[in-house]
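I opened the notebook to look up the ligand site first.

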Amino acid sequence: MSATTPRIAVLGSGAGSNFVAVANAIAAGTLDATVVLVVSDYSNAGILKHAADRDLPHVFLDPGPNPNRFADEAQIELARLLREARADAIVCAGFMRVLKAPMLTEWAGRIINIHPSLLPQFRGRDAISQALAAGIPVTGCTVHLVTEEIDSGEILAQSEVPLLAGDTKETLTPRINAAERALYPSALQKWLHSPGSRNSE
Ligand code: GRF
């Protein structure tokens with residue numbers, strides 16, 4: 001770690017396997033970054049437990065009363081938390097809420113996400129089922145910038161995962177997750193150390 005080491009905040013809603021891959025890459029020295037905050041919209045999310053195990057700052061953010069909305073107040077609070085943590089860039093790792101203003105304006109160009117399809121194919125929820133239903137031979141995962149339109153920002157890296165005969169959601173999901181865990185740390189290293197990923201204000 002040096003004075004130029006990027007300060008990242010990680011947002012996640014689930015098990016946190018992508019976060020673990022990122023944290024392990026930092027520990028191994030293949031990803032030069034510091035996790036300054038882990039935020040989850042679920043108080044019992046695995047990602048928060050993984051952050052606690054690693055003694056990393058972590059917080060539950062109440063997303064508001066409507067399960068299908070990310071309340072405006074919560075987005076304002078999230079922007080405040082990230083500012084307070086002096087994050088340079090925001091890493092979404094299985095974060096299932098849609099970010100809007102002020103997050104997207106304040107952090108424009110500095111929010112990255114991983115999605116379980118080869119974008120622009122199969123945007124939005126349940127991309128793995130969408131790929132299975134389409135009957136295509138190859139799917140995969142994509143690292144991309146977060147913009148207002150869901151899963152539509154600049155594509156930074158992709159990894160292919162071939163479908164196998166008889167694949168179901170249960171058999172395909174772990175292979176896509178493994179591809180994500182391999183891709184995200186290296187894509188982050190490249191992006192965080194390229195001009196534009198931080199200090200764009
Ligand atoms: C990943 O498949 C990611 O693409 C999707 O949610 C999953 C997160 O898994 N958006 P985890 O919480 O990182 O284990």
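For sorting residues by class, I count Ala, Val, Leu, Ile, Met, Phe, Trp, Tyr, Cys and Pro as nonpolar, Asp, Glu, Lys and Arg as charged, and the others, Gly among them, as polar. I also note that this is a predicted model.

**Entry: ligand shell**

I listed what surrounds the ligand. The shell consists of Gly14, Ala15, Gly16, Ser17, Asn18, Gly94, Ile114, Pro116, Asn177 and Glu180. I then sorted these residues by class and got three nonpolar, six polar and one charged.

**Entry: polar atoms at the ligand**

I looked up distances from ligand oxygen atoms to side-chain N or O atoms. For Glu180 I found 2.3 Å. For Ser17 the value is 2.6 Å. For Asn177 I read 3.2 Å. I took 3.5 Å as the cut-off for a polar contact between N or O atoms. I then checked how much of the ligand the protein covers. Alone, the ligand exposes 370 Å², and the protein buries 82% of that.

**Entry: pocket**

Which pocket does the ligand take up? I found that its space is the largest pocket.

**Entry: aromatic rings**

I searched for ring pairs. How many aromatic pairs does the structure hold? I found one. The ring centres of Phe70 and Phe95 are 5.8 Å apart and the planes stand at 70°, so I log the pair as edge-to-face. Planes over 60 degrees apart count that way.

**Entry: cis peptide bonds**

I went through the omega values. Ala101 and Pro102 are joined by a cis peptide bond, with omega about 0°. I placed Pro102 in the loop between β4 and α4. The bond from Leu119 to Pro120 is cis too, and its omega is near 15°. I placed Pro120 in the loop between β5 (111–115) and α5 (127–134).

**Entry: phi**

Is the phi of Asp55 positive or negative? I read a positive value, near 55°, in a residue other than glycine. Asp55 sits in the loop between α2 (46–53) and β3. I logged these backbone entries because most residues other than glycine have a negative phi, and most peptide bonds are trans.

Terms used. Residues are numbered from 1 along each chain as its sequence is written. This is a predicted model: local features need pLDDT of at least 70, side-chain atom pairs count only at pLDDT 80 or more; totals for chains, interfaces and linings use all residues. Side-chain values use heavy atoms; hydrogens and water are left out. A residue is near a molecule or strand if one of its heavy atoms lies within 4 Å of it. A polar contact is a pair of N or O atoms within 3.5 Å; within protein, one must be able to donate a hydrogen and the other to accept it, and residues adjacent in sequence count only if both atoms are side-chain atoms. Accessible areas come from the Shrake-Rupley method with a 1.4 Å probe; for residues, only the protein chains shown count as cover. On a 1 Å grid over the protein atoms alone, a cavity is a set of points where a 1.4 Å probe fits but cannot get out, and a pocket is an open set with protein on both sides within 12 Å along at least five of seven lines; lining residues have an atom within 4 Å of a point. A molecule sits in a cavity or pocket if more than half of its atoms lie within 2 Å of its grid points. Rings of Phe, Tyr and Trp (its six-membered ring) pair if their centres lie within 6.5 Å; planes under 30 degrees apart count as stacked, over 60 as edge-to-face and the rest as tilted. Helices (H or I, at least four residues) and strands (E, at least two) are DSSP runs, numbered from the N terminus.
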